[in-house]
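Below is a short briefing on one model, grouped by topic.

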Amino acid sequence: MADPELVRFALDNGLRVVLAPDPTAPVVGVSVHYDVGFRSEPEGLTGFAHLFEHLMFQGSESLEKLAHFRHVQSSGGTFNGSTHPDYTDYFEVLPSAALERALFLEADRMRAPKLTAENLANQIEVVKEEIRLNVRNRPYGGFPWILLPPVLYSTFANAHDGYGAFEDLEGATLDDCAAFFDTFYSPANAVLTVAGDFAVAEAKELIQKHFGDVPYRPAPVRPSFAEPLPTSELVGEHTDPHAPLPALAVGYRMPDPVNDVDGYLAYLVLAGVLTDGDGSRLQQRLVHVEPLVVDIGAGAGLFGPFEARDPDTFTVTAIHPPDVPRERVLAALDEELEKLASTPPDEQELKKVTARWAASLHSEHDRLVSRTLALGAFELLYGDASLVYRLADRMSAVTGEAVSAAAKALRPDARAILVVNPATTEGTDEQ
Amino acid sequence: MSSPTRAHRSAEEIGRTATGARPLPALGSARLAADLSHVDTTLANGLRVLAVRKSSVPLVELRLWIPFAGTDRLHPATAEVLAETVLTGTARRDRVGLDAELALIGGELGAGVDPERLYFNGSALADGLPTLLDVLGDVLTGATYREAEVERERDRLIERIAVSRTQPRMIAREALQKHRYGDHPVTREVPEADDVAAVVAEQVRALHAASVLPRGSVLVLVGDIDPETVPAELERALGGWASDRSAVQLPALPELTGGDVLLVPRAGAVQSQIRLSAQTVPRTDPRYPALQLANLAYGGYFSSRLVENIREDKGYTYGAHSGFEFTGGQSVVNVDADTANEVTAAALLETRYELARLGLVPPTAEEVESVRQYAIGSLLTSTSSQTGLAGQLMALASTGLGAEWLQQHPERVAAVTGEQVAEAALEFFAPGRFTGVVVGDADLLGPKLTALGGVTVAH
């Protein structure tokens, strides 16, 4: 992938800045990544990082409630925010004429968000609706991102539900909000990214103008979320009242995403070898030849790769008919992993996975939203936004032996299995 | 937090600075998107081709739309199995070989079907385009539908239909389709599991021969390509795909005239789905740009009246939305919101109130300017990627429009007056023009919805 001009610098208040100019379309993307995600939530306040993300849209010193949305949209732009395990991002994509507006909006809420009891109460209700919509009222809601971590992990940070328990959300106070903001939302704990159609010198000036007087506060000391690997096969069960078929998620630990990038990439290639495309090993065997499952997938991260520090999770998920015992699915998975562990995949099999990864990375970076967010996330997590442009090459350099070693490390005695049972199983006589 | 390690400011202190509120910066000077270098032509086999150069990344996007309607009761089941198995092998390639060939060019090719069309979506590294087209041509003329593949996909499909019919959105969609269009073929978006179970390979092959036709179909290519060379390349790759007959268009839909909202019971649901729908006019109608702005002001974006009312002010819903649905030459506007049971009736009341208010207290000059900028700006951003541009062009091309419409649309939107928006609001958003459904726990919802009126309870 071409490595375009990237300009990186920091303001006196500690705000890190990434500029990625590209004049091909008259649009610009602006994002702010704060170095706090749901793994940093205090006990008793599950879901707070996400709830707080909602509050950041509710107004700031210069912006009445709803003004943020109106100003972005009346400039022709779109916006959103999202909460991840280790960071929270906010972004706008707009016609390039609105660049200064977007910077103004982000700076104003970094400097002085309006945190009110009324907005807090309102957003608690909105978040509860979001959870009803995405988790409680749909089949496989929270599968596996909410359900698997408590089986695989033992510490609160890694195991708890990032969407939050309703009683925790309802118990959140305005003072919790103030403490959270002062602790985590300092400029020294954030990365500002601007990508797209702009001139570097002008953008630098505008950034200094709007963010320069956000007062410095120290970035909090980041705790380690490390915990020991499981030493046995851990099993958890969950009953899903809406699910028509049983499902299975298998979770493994994987290499440190930041300090062992190449080791991590080998797991991504392994995931592709296992489940990417009709010719992949598990698709071919479990979906087409035997067939034991309706769907199967493998991948890194609770929502995708490159959005968490250590520890990160490698997952294999499958939905299977009730008459297929899960032991058969697991046995087939273990057999395929053993084959890969003893015989590395050949060049052709690796090329199939890495060519598709190269294409999907190109495609992701063609969408300005994804490009802006990826640059910001890599600057925040890896301290190096330009890694985004080198991923495809580094992935192509992953060897068959490295994939083989990754397969060997996915051991049955160091993993978590989450079993999802439909509420009504045949053969029960209750009710 | 219970025990912060250092003193923190209060919420009130955080929300103000010595400088006080600051003024919103003005917009800079606007730049328009570059002209699209493109070719729009029809091949000898009757296939319309729209090829556009967009070289932002070294990829190419492919979209193929084949009108694919059928009135036979078993058509939806056969069509669904066809879409699931069309890429499982040809005389020249088996399933795994086909996937491997695509993988090596970083390629993907998928097929899907709905009551209106069979579609193929594909992409690849740009230098893999010849391979992508060769695979596509092979599939269109030589898909074999081996018995074993058909039987296996048929069984998987039955499982997936069972999963999808438990999704509240799917339940609401089926209820809406049935309520507004009766037994018109457009309502059969997902086949019945029993029908799918009866499909055999021979029927799928017969449907392919009868209905996978180039005449009346459209192919869109967007990417790092030279549009001028595309027609000749396509004649080579797809020239063997030929027939005298034309692809099968969906019969016209009945016009919606408004009526009671139907309460569709879903026992034990923790959330309800509100779905309303009314007839509008298609993109080619002179009133469309004003209508588009009226819809945005109603519920078409986050700063709309509906979202500000029932989400931001009242917290009734996580998302409320209104948007157009284009089918053939027709267009309707759909309004949807998912709400907690306790507030479903109140949310329906507010939704209707905002419909009426849009006509009676039309969007202000400020609202109109906001939606105008949004319409123009979001078109710029959504077409700034290859995938976004390919999707937009396919949607336009399927109704006979092309790249010119896309390039001229910002001017049309810029020319709309406040009066025209007010007229469109009054004409198309009157509550009485809407029909719809509410899906939810009827025991809980029934009394309040009945009291609200304009709601019939399904039995």
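Among contacts in chain B between residues at least 6 apart in sequence, what percentage join residues at least 24 apart? The share is 81%, a contact being two residues whose C-beta atoms, placed from the backbone, lie within 7 Å.

This is a predicted model, in which local features need pLDDT of at least 70, side-chain atom pairs count only at pLDDT 80 or more, and totals for chains, interfaces and linings use all residues. Residues are numbered from 1 along each chain as its sequence is written, while chains are lettered from A and ligands numbered from 1 in the order in which they are written.

**Chain B**
- Chain B contains 17 helices and 12 strands, taken as DSSP runs (helices H or I, at least four residues; strands E, at least two) numbered from the N terminus.
- Of its 459 residues, 48% are buried, meaning that 20 or more other C-beta atoms lie within 10 Å of the residue's own, with C-beta atoms placed from the backbone.
- The C-alpha trace of chain B spans about 70 × 60 × 60 Å along its principal axes.

**Interface**
- In all, 77 residues of chain A are in contact with 73 residues of chain B.
- On the chain A side, α13(A) gives the most, with 10 residues.

**Sheet in chain A**
- Five strands form an open sheet with mixed pairing, in the order β7-β11-β8-β10-β9 (chain A); strands pair if DSSP finds at least two bridges between them.
- The edge strands are β7 (233–240) and β9 (295–300) of chain A.
- β7(A) pairs with β11 (residues 415–422) of chain A in the parallel sense over eight bridges.
- H238(A) has V420(A), in β11(A), as its bridge partner.

Terms used: Buried ≥ 20, exposed ≤ 12 C-beta atoms within 10 Å, placed from the backbone.
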